[in-house]
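Please examine the sequence and the three-dimensional structure shown here. The paragraphs that follow treat salt bridges and helix packing.

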Amino acid sequence: MYNVNGKTDKNDLLQLHAPLVKKLAHQMKAKLPPSVEVDDLIQAGMMGLLDAINRYEETHGAQFETYAVQRIRGAMLDELRSSDWLPRSIRQSTRKIEDAIHVLMQQLGRPPQEAEVAKQLKMSLNEYQEMLTECGGHQLIYYEDFHDAEGGHEHFLDRYQTSQSDDPLQNLINGGFREAVIDSIRALPEREKILMGLYYEQEMNLKEIGAVMGVSESRVCQLHSQAIARMRSTLREQAWTGVA
């Protein structure tokens, strides 16, 4: 691991941690739509690993692998952002679902059922569930969420920003956004709340969650997409009404 000058050999570090890049790439790919190529994530991750090797100093006190994981994941996320991996049609569908849930929440004062959302969207329950499946990979925050506002409102993430930071995501975490996310999870129907816990806390994949919940993997995907849409709708409502 060290060269004749007592310095860590960069090539050895690159080879040693290449399997880590592949592992992280496949973990991330499992939560993304089929349109995302795992090889693209691996390539970006290797660049992140190389960057970590060039930047890392043993005097940091942290283990190299801990530092490298952050740089690798960051490089993969940058690749996703730059390649605009979520098709526009899917973004439009997810926004329609969010808007329908938002309207029904205001009308009913409770989380709407799937059949109610389908009716609001003027489609059959099967059509709505197919839309949820197509929206697999739907996530809580999109890259463009830090930029364009819609509907005459300031962007809902601005409500949770405490300063103009170079790292807006970390800025949100340090502010009130984390608590708002927790509140939005608590507001989910019990079944979706359990799903989110298994997915994000227990880090189970969709197939494993399906086995626990007694449903198919595709049904888990639908419920996950719907849960995220509910949470985004709740966060928008909190931001616009000043409740956070």
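Does Glu114 count as buried or exposed? At 13% relative accessibility, Glu114 counts as buried, where buried means under 20% relative accessible area, exposed means over 50%, and partly exposed lies in between, with a 1.4 Å probe and protein chains only. The model is predicted, so local features need pLDDT of at least 70 and side-chain atom pairs count only at pLDDT 80 or more, while totals for chains, interfaces and linings use all residues. Residues are numbered from 1 along each chain as its sequence is written, and side-chain values use heavy atoms, with hydrogens and water left out.

Glu114 has a partner: its side chain meets that of Arg219 in a salt bridge (2.4 Å, N to O). A salt bridge is a side-chain nitrogen of Lys or Arg within 4 Å of a carboxyl oxygen of Asp or Glu. Because Arg219 lies in helix H11 (residues 217-241) and Glu114 in helix H5 (residues 114-120), the pair ties together parts that are 105 residues apart in sequence. Helices here are DSSP runs of H or I with at least four residues, numbered from the N terminus. Arg219 also counts as buried, at 16% relative accessibility.

By this rule, the count comes to nine salt bridges. One of them joins the side chains of Asp51 and Arg71 (2.5 Å, N to O). Asp51 lies in helix H2 and Arg71 in helix H3 (residues 64-83), so this pair connects parts that are 20 residues apart in sequence. Asp51 is partly exposed at 25% relative accessibility, and Arg71 is partly exposed at 29%. Asp51, Arg55 and Arg71 are linked in a network of salt bridges. Within helix H9 (residues 190-201), Lys193 and Glu190 lie three residues apart, about one turn of the helix; they form a salt bridge with the closest N and O atoms 3.6 Å apart.

Helix H2 also takes part in helix packing. Helix H1 (residues 10-29) and helix H2 (residues 38-55) pack at an angle of about 140°, with their axes 8 Å apart. That angle makes H1 oblique to H2, since angles under 35 degrees count as roughly parallel, over 145 as roughly antiparallel, 65 to 115 as roughly perpendicular and the rest as oblique. The contact (heavy atoms within 4.5 Å) involves residues including Leu13, Leu14 and Val21 of H1 and Leu41, Ile42 and Leu49 of H2.

Definitions and conventions. Axes are lines fitted to C-alpha atoms, for helices over the stretch in contact, and angles run from 0 to 180 degrees between N-to-C directions. Helices (H or I, at least four residues) and strands (E, at least two) are DSSP runs, numbered from the N terminus.
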